[in-house]
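Subject: Structure handover

Hello,

Here is the structure for you to look over. My notes on it follow below.

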Amino acid sequence: MRDFEDRLRDDLRRTEAVVTMSKETMLVRVARARRRRSAMAGVGAAAAAVLGLTIAVPALTGSAGGDAQGIGPRLVHQVQLVNVLFTDLQHGYAVQERCSMLHPDEVQLPGPGEPTPDVQRDCTSQLLATADAGQSWQERALPAEVATKDAGVEIRTGHSLMFWAPAPGTIAFGSWNRRYWTSGDGGVTWTESPTQRDVGPPGSLATFGLDDRPVFLATSPPTGEQRSDKNPLVAASDGSYWLACVTNPCIRGTHDSGQTWQVVTIGPPAQAVDWVATTDGQTLFASFWDGAGSTLIRSTDAGGSWEPIQGVALAWRGADAVALPNGDLIMTRASEAGGMFRMRAGSTTVEELAGAPTHVHVLYRTGGWLVAATGIAQGEQPELPPVAWISGDNGTTWIAVPTP
């Protein structure tokens, strides 16, 4: 891929005798010209995974299937959220990736002993910027394609470390082979770092702190209790980090940047902890599932002791939750119906949030904003619904981030 980019840059430089091209424009053209190809095993089964969401990109060309009049093969479109971050209440940024690929019906399945078919993928990364609290968005150029591998740190769908804030008023964008760029003017111009991005010492765990900066914990939580898209590591303002156990009725916490991890049992045996949420590391909320309903519990002494929140009984299982600085708790439901709910500070009433996104995959805070995202959307039509929404009033109203 680097050889391809080098050749493309040489071709672009040769055209400068006819057309004057800035360095920034050349980088954008290089980024948009990149075409990533990946082998898709089991494309027949993949058809069942197609949902319904997208935006417009140039059609792929190819000989497989297609219309007899030469319109071209059927495509599957995909939008994926990389990350949303706000540097203040007015200025925010969203990076999304748009891909098109051959529809599984257009791919002839291999026979016995034949190689897996190579399915063409055409992907482009997009940056959107707002300076008026999400009321309008402007597209800005990115210097490269976002990393989906070979980044040196874990990549999480919807809240990826490939887009972060290294300093107040500055945004950073990461690509393959640990290359990254920074911008101090909201993505109008970019400067490539002369060194590779930091990935922390060996054995460390990269994650987001409260200020959208990557931090490195000395070690990961114990095996079997690793974080995931559905079990995020929660950062608190006192420097602690918290994680729900995956296989045991407990949570893990560290107060020394991952040097040690403490375990706190918070439920009866054989009952799963679905999430843990906190803002300050002192007051913590958690939910565990007993097969029939969810029990909400709370600790006010940094996890030292826990008590059920009296008067709260949920018939559904929780997916994720975020504790807000005002004391409210925002929760998402793990079911086909989905939904988002709020329990206000000092209340035991759980209310469904009208107008909130329904099936939320990731939920987090950034710069005073709440972000809820489905993460990935696919469909056969090029126009797809949004994959990310933002709220500046703690979940009362939501603004959709436009798809690419």
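A contact here means heavy atoms within 4.5 Å. On that basis, 51% of the contacts in the protein with a separation of 6 or more are between residues 24 or more positions apart. Please keep in mind that this is a predicted model.

Overall make-up:
- The protein has 28 strands and three helices.
- Of its 404 residues, 50% count as buried.

Next, one of the sheets. Strands E16, E17, E18 and E19 form an open sheet in the order E16-E17-E18-E19. The pairing is antiparallel. Strand E19 (307-308) and E16 are the edge strands, each pairing on one side only. Inside the sheet, strand E17 (residues 284-289) and strand E18 (residues 294-299) are joined by six bridges. Look for Ala286: its bridge partner in E18 is Ile297.

Then the pocket. The largest pocket has a volume of about 510 Å³. Its lining counts 33 residues. Which of them lie nearest the centre? They are Leu233, Val234, Ala235, Tyr364 and Arg365. Several strands give two or more residues to the lining: E10 (205-208), E12 (234-235), E16 (272-278), E20 (318-323) and E24 (362-366). By class, the lining has 16 nonpolar, nine polar and eight charged residues.

Best wishes

How values were computed: Residues numbered from 1 in each chain as written. Predicted model: local features only at pLDDT ≥ 70, side-chain atom pairs only at ≥ 80, totals over all residues. Heavy atoms only, no water. 1 Å grid on protein atoms, 1.4 Å probe; cavity = no way out; pocket = protein on both sides within 12 Å on 5 of 7 lines; lining within 4 Å. Points joined across faces, edges and corners; volume = space filled by probe spheres on them. Helix = DSSP H or I, 4+ residues; strand = E, 2+ residues; numbered from the N terminus. Nonpolar A, V, L, I, M, F, W, Y, C, P; charged D, E, K, R; others polar. Pairing = 2+ DSSP bridges. Buried < 20%, exposed > 50% of the residue type's maximum accessible area, 1.4 Å probe, protein only.
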